[in-house]
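This report looks at some strand pairings and salt bridges. The sequence and structure come before the details.

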Amino acid sequence: MIQKFEFTNTQIKGLVEIVPFQSDDIRGRFTKDYSKEAFREYGIVHDLQEVFYTTSYKGVIRALHFQRTRQQPKLVRCIAGHVFDAVVDLRKDSATFKKWLAFDLSGENYREILVPAGCAHGYLVLEDSIVSYKCSEKFYGEYDDGILWDDADIHVDWPLEKVGGREKVILAKKDRELQSFQEFMEKYGGF
């Protein structure tokens, strides 16, 4: 079986769900999850600057992150395990400002998402997972920022029951100390 790249635009402009190129044979599967040429044919310019991976335990929430300056568009794929991935549009002039969308990403479904600049990104780990990020801007620690994962104004509907409830959520100190959406708006007014 050969599966060519499939690109699906979402309600949030620039946020694209992608099924990568795949080829199965007697040996298993070959997957190409990025092709500069295929992306450009679809109208996507995503020039890679950095690639990194996170390894996370079930119950971890990594959210809702962005870079204040030199924003970091990213191609995100769960290469092993399973995550509930959420993207929030923080672009003040966008028709979908403050809207969030969720995606089911897993090592089994091979789907990936292209998160555009101006959006916050995060995920809840539903089983021990490895997530790949292919970024078209470098990471700058001095611009690293985010909004609390459980912010009442954004209200992402995290499926906490799949990890044993809120008491089972694992948060880094960094994520526990993020700002609210209201604080983000007071400081920056959106992107």
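Asp33 counts as buried, because its relative accessibility is 11% and the cut-off for buried is under 20%. The model is a predicted one. The side chain of Asp33 forms a salt bridge with that of Arg77, with an N to O distance of 2.9 Å. Asp33 sits in the loop between β5 (28-32) and α1 (36-41), while Arg77 belongs to strand β8 (residues 74-89), so the pair ties together parts that are 44 residues apart in sequence. Arg77 also counts as buried, at 10% relative accessibility.

## Other salt bridges

The whole structure holds 12 salt bridges. One of them joins the side chains of Asp47 and Arg40 at 3.0 Å, N to O. Asp47 is partly exposed at 29% relative accessibility, and Arg40 is partly exposed at 41%. Asp33, Arg77 and Lys134 belong to one network, joined by salt bridges that share partners.

Another salt bridge links Arg27 and Asp25, whose closest N and O atoms are 2.5 Å apart. Arg27 is exposed, with a relative accessibility of 76%, whereas Asp25 is partly exposed at 37%.

## Strand pairing around β3

Strand β3 (residues 16-19) pairs with strand β2 (residues 6-9) in the antiparallel sense, over 4 bridges. Within this pairing, Glu17 of β3 is the bridge partner of Thr8.

Methods: Residues numbered from 1 in each chain as written. Predicted model: local features only at pLDDT ≥ 70, side-chain atom pairs only at ≥ 80, totals over all residues. Heavy atoms only, no water. Pairing = 2+ DSSP bridges. Helix = DSSP H or I, 4+ residues; strand = E, 2+ residues; numbered from the N terminus. Salt bridge = Lys/Arg side-chain N within 4 Å of Asp/Glu carboxyl O. Buried < 20%, exposed > 50% of the residue type's maximum accessible area, 1.4 Å probe, protein only.
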